[in-house]
Amino acid sequence: MIICSFIILFLYIFLNTNKQVTLGIRINKAFKITDKNQLRTKKNNSSNSCVTNKILFIDEKKKNNLTVHVKRGKDRYLKSREKINDYMLFNHINPKLQNIGFATKSTYRYNLNRGHINSIFNFIYLLKGNNPKKYFITSTHKMNKSDSNNLKRYNAENEESAYLHIDQNVGSKQKEYKHMTSEQVRNNFINYFKNKNHTVVDSASVIPYNDNTLLFTNAGMNQFKKIFLGNVDKNSDLGKLKRCVDTQKCIRAGGKHNDLDDVGKDVYHHTFFEMLGNWSFGDYFKEESIEYAWDLLTNVYKINPDRLYVTYFGGDKNLPSCPPDLEAKKIWSKYLDEKRILPFGMKDNFWEMAETGPCGPCSEIHYDRIGNRDASDLVNKDDPSVLEIWNIVFMQYNKDEKKNMNKLPSPCIDTGMGLERITSILQNVQSNYDTDLFTPIFKQIKEIFNDIPNYQGKINEEDPDKIDYAYRVISDHIRCATIAISDGCIPSNEGRNYVIRRIIRRAVRVGKQVFNIKSNVLWFYKLVDSVCKILGNCFKDLQNEEKVNYIKNVIMQEELIFNKTLEKGVDQFNKIIKKCHQKPNNSNNLFSGKDAFDLYTSYGFPIDLIEIMCEEKNVKLNMEEFNTLFKKHQLVSDTNNFKINKIIDLPVEKAHEIKCKYNVLPTIDHHKYNWNNTFEIPKSKEENKDNLKLKSSVQIIYDGNFLDEIVHTDDDAKESSSGEKIENKQKKYALILKETNFYYENGGQIYDTGFIQNESMKFQVLNVQKMNDYILHIGVLLNGHIKKNDAIETVVDFERRKLIACNHTATHLLNFALRKVLTDQVNQKKNKCDNNGEKKEGSLEDSSETRNKLEGSSIFNCDQKGSLVDDEKLRFDFSFIENINMDVLNKLETEINNIVKEELNVSVKTMDLNESKKIKGIRAIFEEDYADKVNVVFISKNADDVLNNLDINYTYLCSIELCGGTHIGNTKYIKEFIITSEESIGKGIHRINAVTNKKAEEINKKFNDIVAKYKHVFDDPNENKLTDVQNYKRILKEDKFLPLIKKNKILEDLEIIEKDIVEKKKNAQKELFNKAMSIGKLYATENKDNILLDIKLFTEINGNQKVLEKVAQAYTKANKNLSYFFIIHDENNTYCVLEIRDSLKGKGMQADTFMKQVMESVEGNSGGGKNKAFGSSGKDKGTTIKQAAEEVIKKYL
């Protein structure tokens, strides 16, 4: 018999039946109850045997209270002898209510026979599933005219809760509704806005491109930040966006937005999630964005509008410059009663990118999971039954440093809705973890560990064994790790890679701890398959078998490493515990916070595990000390630092003011490509001088404000004869010209410098930046005065630019050579592995399946990750999973210098972006936003030959790249390419620094000078040159601007020489010590009768204090009672030792006092104690010291 129990927590009713009733019930199972209208099942069906019915019967019998009865057996509302399993029938909750039936698993639901909507509907909604928990249901209310449409809306509500609606005629079924899958939820969102003329944009990587302010992509707006800041190229695809829609992969597990430690403890935190968003960039605004949101939620997703509440910015005393957003309130009033449109302050309803920059009020949409009540008081109160589902940001202001709100010229819309959360609502489940975004992972976990219970959604005290906690942690973390590794993260000890390592290790550790998984079992990586099945249709790279195997292999390797680390960590913990018990001053058995922190950082032990282990050993953990250390250690990721770090900033609203108020046109800058990019000497100096200049005019002067004129008044700031020396404190301005040939900082290439001048002034350009459509020439006025509209000429420092161009072209050669050389290396290793595999076939422990998996996991990845070129050096960052040795670097350097010697032309062709993509082997940074017209840089004998033969793959034939920088005309001007350093800046990310042209000549000369200086080290290496060898090594290691290959070769040779010299010195010292021991031993056997202090100067051996100690050590073994004073010298110093033994006991002598008296005669040094003392002085003082000792001893005899 199925048992049920009902616990009444609270029953209360007011005298007036129109007032609310609050009812609290805990129930263990929902039961099937049938009424007289329901058909009997066949009696001969064994599954429907006679069962005594049990029903909660609530009847109002008293005026002020409700009475609750549990009825057994027959009742006028029940038919007995029916199996109890799926239904519950509530009767007489109020005289106005009768015959309300509810389904939990079945496809039946009964409607009201009398006119009331009651919270009991929601109670049964919450009971859906096998494991109902404690719920509190509220609010019955009398139906009025405004409620007359509620029954009509029950169809929509039924669709939410996956029940069928049965109309007044009980038993007439309607069509069954199926939940939307998460994929349908996502697609419906994308398609809805696609039909509203939104461009569908792919998700950006979770690794932010060219943005050091972010650890991970943590919001949908990250990839559009350049648009909001006004720094986007208007001719690029990004710059052309007016309205778009996307689903963005987001990770919040580091920096300001860090949910890592909360995952698993509740049912709504995640490290990885998808953010659905629609965007408008100066297109539609509040009216349309609100209309779209309402339409999508109520008409596409079929959410009951009576369960929705919205908030708007109602003003805030901390933000007096921003008025309440009454416009949004007015628009919302078209769709909602004003009682459900709620004002909130800055904390909840104002969004800002940073302390300064684009910002604006926002409007949040909240959903009431329970419904049929007034839940307005629960909005923004962290109540799990009323949750925010969508945030619409009205980006209409730009906040300056004085906190003034300046209206943006083109207001934007930025919205975000978490896929996991909206899916939980549409699938009628109580948490994100109950959706189909997680349940397949739960299923696979259960399949891997079939002895563990199923996931039941328990938290806190309801989950004492932490089984459900482990399910949540593992499922969340495998999603996060899979996406992060797919986008380029590799677990390591730095930055975002360290965060991913922590996430993987936390999941593995929780699995081991809760599911009792053995340390030699690898399991976590297997769950990648479930994640790829769930997300693969949206993120296509998760369908790539090679990529999937790569992800699994990375996680598998991390599991292997962590298993070993975990074992070592447990051993280390036990050692610390042992020391804790042994410390005499540790009576409280305190486990130090520092030791816990070391376990946390070095072994990946989370603090909760350390606490558990300490409790098991009856040791108290010093959490205060740990927390102090942890705060210092926390990863710092200033995710709000979006302010442009430039000398002068031109925000969006200022750029709009320039355009509209001052009629300033965008700067024309194509002249930067018109220059003599060779080192050929011009026919005449005058011709060269004219080529350096461009005639233009000043459109406006800017220093944060717009100026018509500036005058040089600083008489103390004298310029040098060259005009290049300036005072740092001089006022800086930005000149915006009509046309310019200055190159602004872009694409990793540093800006040009030079002068802007005319007959009445000279302005030195120190920095050039592009902001919005304008190029700012930032610098100082050296003399004279300048006014708006003045005619000027530009004088770019082209000699500096040529050096920059050499380095920039060299980065292209490096990018090309890397792909070529590293591909050869990977192929050689693969062939070697294949050959070894054939020879040892069948001898490996791994199965053939595992071997195939590992073979398929080595994805060749050698992509540019960043670069920097200036007039002195070039820096190039790239991805490559393996180590790079000197042999590879040597091949790279040789390959590039061979191309330099070929004297290949460097040609720049302007092409349509789509046409350029037809060139096979073209290189590009795919995260960059390219304009429709792009510059393609060819380093080849003839670029036209390439364009005429597009069927050829040029990946390994010549360098072809998209690039907007300036380049040298021919590779011969590079002269020589020299690698100065190679380092790993993160797991799988390498950095090469190199020099060319003039700087290459300089470091070659410097290197040759050093080699000449220390040539003697190699001519005759011996122990006397050890100091020179060590100095030579130190100089080479410390100087980062030396040829790395040559330097490394010399360091290897010096290492051998040093090792040889040290070995010889050790052998010579060993021989010397043996000689000293022999001398001491022999001398001890001589006749010492009537001697109290044996004073001896050893001339037959030279050595230092250590040699003298060896003499004394051998002497005392053979002569145990006689005191001694021994002296020895080497080529630089004289040393002595005195030990007072039995022969001088009772004479009142102290060794340190005696030695001090002796050494005063030679101005030497002394030290020691009352029984033994040491002395030293200059060269050849042995005889004098001996005589002094003989004189001093007489005082004591």
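Buried means under 20% relative accessible area, exposed over 50%, and partly exposed in between, for a 1.4 Å probe and protein chains only. The model is predicted, with local features requiring pLDDT of at least 70 and side-chain atom pairs pLDDT 80 or more, while totals for chains, interfaces and linings use all residues. Residues are numbered from 1 along each chain as its sequence is written, and side-chain values use heavy atoms, without hydrogens and water.

**View 1. Cysteines and overall burial.** Cys862 is buried, at a relative accessible area of 1%, and Cys806 is buried at 0%. The structure holds zero disulfides, a disulfide being a pair of cysteine sulfur atoms within 2.5 Å. Of the 1197 residues of the protein, 51% count as buried. The protein has 30 helices and 42 strands; these are DSSP runs, numbered from the N terminus, with helices (H or I) of at least four residues and strands (E) of at least two.

**View 2. The largest nonpolar core around Phe591.** A nonpolar core is a set of buried Ala, Val, Leu, Ile, Met, Phe, Trp, Tyr and Cys residues joined through side-chain atoms within 4.5 Å. The largest one has 119 residues, of which Tyr301, Phe515 and Phe591 touch the most other members. At least three residues of this core come from each of domain 1 (182–427) and domain 2 (437–565), with bounds taken from an automatic or database domain assignment. Leaving aside neighbours within four places in sequence, Phe591 has contacts (heavy atoms within 4.5 Å) that include Phe573, Ile577, Leu599, Ile610, Val619 and Leu621. Another core, apart from this one, has 60 residues, among them Met761, Val768, Ala817 and Phe878. In soluble globular proteins, nonpolar side chains tend to be buried together.

**View 3. Helix 12 and Pro440.** Helix 12 (residues 528–535) is largely enclosed by the rest of the structure, because six of its eight residues are buried. The buried residues are Val528, Ser530, Val531, Cys532, Ile534 and Leu535. Pro440, in helix 9 (residues 439–448), is partly exposed at 30% relative accessibility. Not counting residues up to four places away in sequence, Pro440 touches Ser530 and Ile534. The C-alpha atoms of Pro440 and Val531 are 8.3 Å apart, although the two are 91 residues apart in sequence.

**View 4. Lys802 in helix 19.** Lys802 is found in helix 19 (residues 798–839) and is buried, with a relative accessible area of 7%. Beyond residues up to four places away in sequence, Lys802 touches Trp675, Asn676, Thr678, Phe679 and Ile968.

**View 5. Packing of helix 27 on helix 28.** Helix 27 (residues 1044–1084) and helix 28 (residues 1105–1118) have axes 7 Å apart, at an angle of about 35°. Axes are lines fitted to C-alpha atoms, for helices over the stretch in contact, with angles running from 0 to 180 degrees between N-to-C directions. Residues making the contact include Leu1072, Phe1073, Ala1076 and Met1077 of helix 27 and Val1107, Val1111, Ala1114 and Tyr1115 of helix 28.

**View 6. Two loop residues with positive phi.** Asp382 lies in the loop between strand 18 (357–368) and strand 19 (386–399), and its phi is near 60°. Asp382 is exposed, with a relative accessible area of 79%. Glu903 has phi near 55° and sits in the loop between helix 21 (886–902) and strand 33 (905–912). Glu903 is partly exposed, at 45% relative accessibility. Most residues other than glycine have a negative phi.
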